[in-house]
Amino acid sequence: MVSTAVAMGSSERSKKRVQLWKKAVVQFSLCFVMGFFMGFAPGGKASFFSTNAAALNQSQFSPQPVEMLHLSTTQNDGAGNSKTSSMAETPVEVPARSRELETADILQEGENEAKLVPRRLLIVITPAGSENPAGGVLLRRLAYTLRLVPPPLLWIVVESQTDSSEASEILRKTGIMYRHLVSKENFTEAAAEMEYQRNLALSHIEHHKLSGIVHFAALSNVYDLDFFDELRDIEVFGAWPMASLSANKNKVIMEGPVCDSSQVIGWHLKKVNNETETRSPLHISGFSFNSSILWDPERWGRPSSNQDNSQNSIKFVKEVALEDESKLKGIPQEDCSRIMLWNLNIPVGKIPRYHQRPTPL
């Protein structure tokens, strides 16, 4: 009997094992068949499982309305009296609201950027002349200064026709936006040549209607970099004091306007032989102007019929500037007596030989 019971127990266990294997095989076969046929299903149609999963995700992560939940609790004191107290739960900001705030912040930043006023173009004119043996050295030195000025800046360099390509090579390597003009006229006086080259640059500005603030930068000028930021604030005309330094004389000559804040009320006049000069108090490097006065004079109340600047644009601009000194803006605005520009009058004899240009054969 015992052996018969043991045999029956072992047969029942073997039957259970066979049933478990059958269930496993059936489940595996069903999963395999379903996966096989799902592989042939069109990709554009959402399956039952993906639809349910999407609905589940949407219900879990979609923003829900904010509600004020009032939780009431009942407390029992020792005498059997019950007390009910209510407690309000602080609402939590839902993700949709935060996204709206982020979108509003982005739009506000975009509006602020749209309100930013772009920098004005600075048009710097430099006549290189032909009589300066250290012209290449001084041109490179000035280029290093202008490279530090924030753009936009256009550098117009005018030189006399020559076989040397030194100026062109220097300008190409500066990384500054420039225009290189060549004068074919011959002059016996250096001052007349420089004046002609400046007027040639102004004719170029007028012809191409370049809009910006014009400044005449001599090769011997030395600048405070804040000076160029002040130039961009000029509306029509601007003037400033400048110091002229001479290598032969141990003195500094100050030229330019005398200001009350930014209003010009007088001038520092240079004296020659103990007599005050009668020439224009505007030094060529001591004032700037809006270039549109050249090609759009009616904008500034100047009829085009009165404009006669075909030969001498500089003279025309100076006359317009001095007609009404209220148009002149002294810079810097806070302290017009601050010197931000120095002019170095370096005689040719003081320049070392290794800086001088080789004489063409």
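Predicted model: local features only at pLDDT ≥ 70, side-chain atom pairs only at ≥ 80, totals over all residues.
Student: Which residues of H6 are buried?

Tutor: An α-helix has 3.6 residues a turn, so residues three or four places apart point the same way. Here, where helices (H or I, at least four residues) and strands (E, at least two) are DSSP runs numbered from the N terminus, and buried means under 20% relative accessible area (exposed is over 50%, partly exposed in between, with a 1.4 Å probe and protein chains only), the buried residues of H6 are Glu193, Gln197, Arg198, Asn199, Ala201, Leu202, His204 and Ile205. Lys209, which follows H6, has a positive phi, near 50 degrees.

Student: How is the pair of Phe216 and Phe287 arranged?

Tutor: A pair of aromatic rings is described by the distance of the centres and the angle of the planes. Rings of Phe, Tyr and Trp (its six-membered ring) pair if their centres lie within 6.5 Å, and planes under 30 degrees apart count as stacked, over 60 as edge-to-face and the rest as tilted. By this rule there are 8 aromatic pairs; in one of them, the centres of Phe216 and Phe287 are 6.4 Å apart with planes at 45 degrees, so the pair is tilted. Phe216 and Phe287 are both buried.

How values were computed: Residues numbered from 1 in each chain as written. Heavy atoms only, no water.
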